[in-house]
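The following exercises concern one protein structure, and each is followed by a worked solution.

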Amino acid sequence: LVKITLIKGEAGSGKSSVAVKTIQEWSEGKILNGVNLCFFFSVGSDLKIPLQKLIWGGFNGLSGWNDVDYKEAFTHIEDLALQNKVVVVIDGVDEFGLMTQNEVTRAAEASFHPKSEITITTLCAGLLSQKILPGSKILATGRSVGAVNQEIMNNQGEVFMFFTMEERDREEMVKMMVNDPEIQEYLLRTVAAISIRGNHYF
């Protein structure tokens with residue numbers, strides 16, 4: 001994973017599958033071995049919540065925490081991010097609404113005052129622009145990540161395009177990979193089954 005990886009593609013092209021698979025494989029110890037924390041964000045409410053709490057999303061294990069606990073934990077996360085030990089996955093960037101330089105400015109202010117209340121859109125704009133948790137590795141998906149890269153990130157992200165594959169595309173790909181007709185047939189059946197079941201099977 002490069003510093004900021006942006007996956008662009010139409011609905012159904014597999015962007016969310018890659019986001020989920022990344023977290024799954026990290027949790028199983030298969031990838032990103034130097035990473036201690038992996039956060040996942042997708043579109044949520046427009047409520048404003050203190051940054052030091054918002055970063056935890058809906059994690060229920062923190063119900064007994066007070067503001068000092070949240071502040072201390074956030075400081076530790078910032079330290080880990082600076083050591084490149086944090087990965088943030090943001091799925092469906094376009095679902096968050098328009099991200100502007102104003103969101104980046106609010107995010108930068110909140111990073112100095114983690115008790116500041118911000119929206120999840122501001123949080124994600126801050127993460128993408130590295131104003132919040134600088135040093136984190138970012139994986140973000142969406143149909144409009146190219147525009148976000150230009151608007152708030154000064155083209156610092158590396159954009160990868162996903163294309164929806166038609167049946168003939170899959171057939172050509174399998175033929176390029178394997179010469180044995182029996183194995184080709186097996187692979188085509190497997191890929192077709194995955195396509196029918198949906199993207200969550202990656």
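**Exercise 1.** Determine which backbone oxygen the side chain of Thr-121 reaches, and describe the surroundings of Thr-121.

*Solution.* Step 1: the side chain of Thr-121 lies 2.9 Å from the backbone oxygen of Phe-96. This is a polar contact, defined as a pair of N or O atoms within 3.5 Å; within protein, one must be able to donate a hydrogen and the other to accept it, and residues adjacent in sequence count only if both atoms are side-chain atoms.

Step 1: Thr-121 belongs to helix α5, residues 120-128. Helices (H or I, at least four residues) and strands (E, at least two) are DSSP runs, numbered from the N terminus.

Step 2: apart from neighbours within four places in sequence, Thr-121 is in contact (heavy atoms within 4.5 Å) with Phe-96, Leu-98, Met-99 and Glu-103.

Step 3: Thr-121 counts as buried because its relative accessibility is 8%. Buried means under 20% relative accessible area, exposed over 50%, and partly exposed in between (1.4 Å probe, protein chains only).

The model is predicted: local features need pLDDT of at least 70, side-chain atom pairs count only at pLDDT 80 or more, and totals for chains, interfaces and linings use all residues. Residues are numbered from 1 along each chain as its sequence is written, and side-chain values use heavy atoms, with hydrogens and water left out.

**Exercise 2.** State how many salt bridges the structure holds, and examine the one between Asp-67 and Lys-115.

*Solution.* Step 1: there are 7 salt bridges, each being a side-chain nitrogen of Lys or Arg within 4 Å of a carboxyl oxygen of Asp or Glu.

Step 1: in the pair Asp-67 and Lys-115, the closest N and O atoms are 3.7 Å apart. Distant parts of the chain are linked here, 48 residues apart: Asp-67 is in helix α3 (residues 67-82), and Lys-115 is in the loop between α4 (101-112) and β5 (117-118).

Step 2: Asp-67 is partly exposed because its relative accessibility is 35%, whereas Lys-115, at 54%, is exposed.

**Exercise 3.** Explain why the salt bridge of Arg-143 and Asp-94 ties together separate parts of the sequence.

*Solution.* Step 1: the side chains of Arg-143 and Asp-94 meet at 3.5 Å, N to O.

Step 1: Arg-143 is in the loop between β6 (137-142) and α6 (145-152), and Asp-94 is in the loop between β4 (86-91) and α4, so the pair joins parts 49 residues apart in sequence.

Step 2: Arg-143 is partly exposed, at 39% relative accessibility.
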